[in-house]
Amino acid sequence: MLTVHHLNNSRSQRVLWMLEELELPYEIRFYERDKRTMLAPPELKQVHPLGKSPVLEDGGVKLVETGAICEYLVEKTGRLGPADQGEGLRRYRQFLHYAEGSVMPVLLLMLALSKTHQSPRLLLG
C-alpha cells in the first residue's frame, strides 16, 4: 500500500492528484501546520528530517520531492508518461518541472502578498 505523508497547504496535493489520476490505492497520513507560524509539526520530522512534505512510502521505498515521486509513479505504473524516449520524453520532463520552475514562484508570491494584504496584481500586471 502506498502511503502519502500530506501536510496541509503543501505541494503534496500534486501527489494526491496523480494517485487519483492513476487510480492507485493509497492511504494518507495528515499533518497540520501550526496556525500561527505555518510551520510543519514536529511529528513530520519523524518521517523527513527537515519536516518536509510530500513523502511517499511504497513498501521499503521512501521518496521525497514531488517531481521524483511523480516520475516514480509513472515508472511503476507505465501510465501518464512519455510515449517515446525522444520528443515525448523531453516534453514530459518539461511539463513535469514546469510546476516548480515557472508556476510555483508566482503562486508563492501571491500567497505571501495575500498575507500582507497587498494585491498580487500590482506586481503581476
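Modeller: Helices are DSSP runs of H or I with at least four residues, and strands are runs of E with at least two, numbered from the N terminus. Keep in mind that this is a predicted model.

Colleague: Happy to! With that in hand, in what order do the elements of the chain run from the N terminus on?

Modeller: They run β-α-β-β-β-α-α-α, and the count for the chain is four helices and four strands.

Colleague: Why is L107 called partly exposed?

Modeller: Its relative accessible area is 43%. Buried would need under 20% and exposed over 50%, so L107, at 43%, is partly exposed. You will find L107 in helix α3, which covers residues 87-115.

Colleague: And what makes the nonpolar surface patch there?

Modeller: V106, L107 and M110 make it, with an area of about 220 Å². A patch residue needs over 30% relative accessible area, and L107 has 43%, so L107 passes that cut-off.

Colleague: Nice. How much of the chain is buried?

Modeller: Buried residues are 32% of the 125 in the chain. The accessible surface is about 8600 Å², with 55% of that belonging to carbon and sulfur atoms.

Colleague: How do you know what share of the contacts joins residues 24 or more positions apart?

Modeller: A contact is a pair of heavy atoms within 4.5 Å. Taking the contacts with a separation of 6 or more, 51% come from residues 24 or more positions apart.

Colleague: What about charged side chains, how many are positive and how many negative?

Modeller: There are 16 positive and 15 negative ones, and the centres of the two sets lie 7 Å apart.

Conventions. Residues numbered from 1 in each chain as written. Predicted model: local features only at pLDDT ≥ 70, side-chain atom pairs only at ≥ 80, totals over all residues. Heavy atoms only, no water. Buried < 20%, exposed > 50% of the residue type's maximum accessible area, 1.4 Å probe, protein only. Areas by Shrake-Rupley, 256 points an atom, 1.4 Å probe, with all protein chains shown as cover. Lys, Arg positive; Asp, Glu negative; His and termini not counted. Charge placed at Lys NZ, Arg CZ, Asp CG, Glu CD. Patch = residues over 30% accessible without salt bridge, like charges linked within 9 Å, V, L, I, M, F, W, Y side chains within 5 Å. Salt bridge = Lys/Arg side-chain N within 4 Å of Asp/Glu carboxyl O.
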